[in-house]
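Hello,

Here is the structure I promised to pass along. Have a look at it first, and then read on for what turned up.

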Amino acid sequence: MDGGIPASSKFRHAIEFGSGDALRNVIPLPPAEAALDDSGYSLHGSGPTAITCAVGRPDAVLGEVTRLSPTVVWVAPRQPLADPTESRTFPVYLACNGATIGPLNGAFIRTDMDVPNAPVGLQLVGVTLEQGRQILGFLADALRQGVAVPAASALPVQDIITDGERIRSIFTAICASGNKGVLRRQGRVVRMVLERFHSSSGQLEWRTEESTPDFGEPAYDIDVIGYNSAYRLRVETGRMEGDRLFTPLPEELFRIRHRWHRRVTAPEGVHARFHHPLWREQGLMRREVLDLSFSGLCMRCQPQDLLFPGLLPPLIELELGDGQRVSVRGEIRYVSGLRADGTVLCGLSVLPYSSDEARWVRFVSQTMSPATRTSEGLVDELWDLFNRSGFFSLGGSTPAEFEELKQNFASLAKRAAEVPQLFCNAVWPSERGIEATLSFTKPYRNAWLGHQVAKRPGKPPEGLKEAGAIMRDLYLRTFEHPQSDPDFHWVVAYVEALNPWINKAHVKYAQRQMEAGSSLAFTRKIQKMKAFSNELTGRVHPYTVGPATASELSLLAATIAQQFPECYVQSLDLTRDRLDMGPVTAKWKSFGMERERTVLVARRDGVPHAAAVVELGQLGANLFRLLDNTRLFSLLGDGTRAYSALLDAARRWYAARNRPSFLYLREDAGGDYVQECGLHDGPDPYLWIISAKLVPDFLEHISELTIGRRGAHSR
């Protein structure tokens, strides 16, 4: 179980207290909230392994307990209840196998009187430290007997992969990375590593470190870990040679998604300090952090810490090992059984307090991708990389055209590291300079934009064993960065498919998703055309142009929704309620930066014919001024005739904001209007959109592409 599972909505929206003292008062939840308490463990015992609950006196058994923690009890009643009230408290007793705990102080939190034998919830109030030990002792016995599971655990998502090329790619990447696998057969478990994939024979070669391996006869299942998925294959035939097992490449592969955020080992010296929310008399606990992700961590604890799934420590102070400290609030998601060293492992979902958000994101990003770093102190080296890589020559541009933006770019690069809510500018440095760079920024309410990718041409630096490691590290850092944003739903990019690797990594991936019928990805070739603010067409337009009215905004949103898929509409804030981008503008402004959008409409005789969605972004955020862009939409059959009037109005709008030029993003087939509008030809990239739900899978895809280039474990 991963401590990085996103927290529940009630946890995400928890109140941030202004002082530590306020956190120390444990107040019983109101009945409505207590009914939603998913803490503790679900119980499935019967007979001697069942825990029973009695109300009023020890022999007044209500029924078997179905879920239990030191804060809440759920019971399957043996008979209909008399009219229970939510306000009255009464003695509660728990019993199992001859042992009894109680009296505890409890109150009904919910019962459905209309459903016979409906589960009954009881909130426990003021449970003492000793009573807490007894309750968790009952639960420890139930776990050992296999009749309890954490109530807060989320079930994995599964799908089936049948594409042969995709299966080969997955196993090539797994054997290159040396990830672990487990063979299961009739209760027998053998731990293995995928040593190599023999591409000529289609055989997988597994190796075990057991001195006397007992693979047994097939059939059996093998689970193996990829980048962030667990895969399962069913093996019907196999050949054993000593510590090796040879199995055929499967025709289908079962994937079990088991984490949203990649999890990495924590740096040495990282500790968590906190008080128990229920029993403060236990004192301040300081526990070693073993691994972490943007939204979770795992720490080594003691059984006497009395932690259990669903517990909500409202203040955890993390010592980062370098003198820095970060405050987070957490939810216990998992507690392991007792380990050989007498400790237990505890997994938590965590969320930083807003005052520490930037520090937390920087720390986790650097921990997860140690070969990369942010670019704020490397502006000159980064500018040199753009020159070397040919980045400044894309789309027919010249390096001289970018000099005027260098100061803006340098200023923003220095600020970006302090504003992880909007930016992630990552580089891969080596002794000879910056090898590659990739940036992300958040221009829309729910979407992050990937842009400004450049790589040093020629051979990789000496000592680098994997040619693909540079791009893999950058993709992991930048694509994982938005996962710390709770409003992250989409990734948008404009990718040049002329680069074979970019084409395979981005365009082919999205096309494969679309061909499978997925609504979570979209790609289409467009054209980025340049318009200069001082180059008015000089035409006399039979249209009046002005800001859109409320009814025209509704018409525009409906028109866009009819012509484009939902992922396009949602990611680019083209829904009716988000067309003005008010919250986005306010967020950028709160950091002292520009972000603006307006909608202009061309009318004739009061009838709207076409609309322009005109945007502006902070200078230096993108060197091609990608955030200064305009989209045109026809609202009538001949609406394109109004495009020149709209673009002249857009030129005036940008000129008033000291923008010498902007981009027109042509997403249609073009036509006569292009020449009439005085537009300059530009590159024709693919607009590329994927859902945040696909990011773990996409990064697995990138991992396969880049690790697969090594080929050392494939023959």
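In which sense do strand 28 and strand 29 pair, and over how many bridges? This is a predicted model, and in it strand 28 (residues 447–455) and strand 29 (residues 490–495) run parallel, with four bridges between them. One of the bridge pairs is Gly-450 with Ala-493 of strand 29.

Both strands belong to an open sheet of seven strands, ordered 25-26-27-28-29-37-30, in which the pairing is mixed. Strand 25 (373–374) and strand 30 (521–525) are the edges; each has a single partner strand, so one side of each has no neighbour in the sheet. Helix 10 (residues 500–515) lies across strands 29, 30 and 37 (686–691), and makes an angle of about 120° with strand 30.

- Strand 18 (residues 264–265) is joined to strand 20 by two bridges, with Val-264 opposite Leu-292.
- Strand 19 (residues 271–274) is joined to strand 20 by four bridges, and here Arg-273 faces Arg-286.
- Strand 21 (residues 296–301) is joined to strand 20 by five bridges, including the pair Asp-291 and Cys-298; a hairpin of two residues links the two strands.

As for the whole chain, it has 16 helices and 37 strands. Of its 715 residues, 53% count as buried. The accessible surface is about 31300 Å², with 50% of that belonging to carbon and sulfur atoms.

Terms used
Residues are numbered from 1 along each chain as its sequence is written. This is a predicted model: local features need pLDDT of at least 70, side-chain atom pairs count only at pLDDT 80 or more; totals for chains, interfaces and linings use all residues. Side-chain values use heavy atoms; hydrogens and water are left out. Two strands pair if DSSP finds at least two bridges between them. Contact means heavy atoms within 4.5 Å. Axes are lines fitted to C-alpha atoms, for helices over the stretch in contact, and angles run from 0 to 180 degrees between N-to-C directions. Buried means under 20% relative accessible area, exposed over 50%, partly exposed in between (1.4 Å probe, protein chains only). Accessible areas come from the Shrake-Rupley method with a 1.4 Å probe; for residues, only the protein chains shown count as cover.
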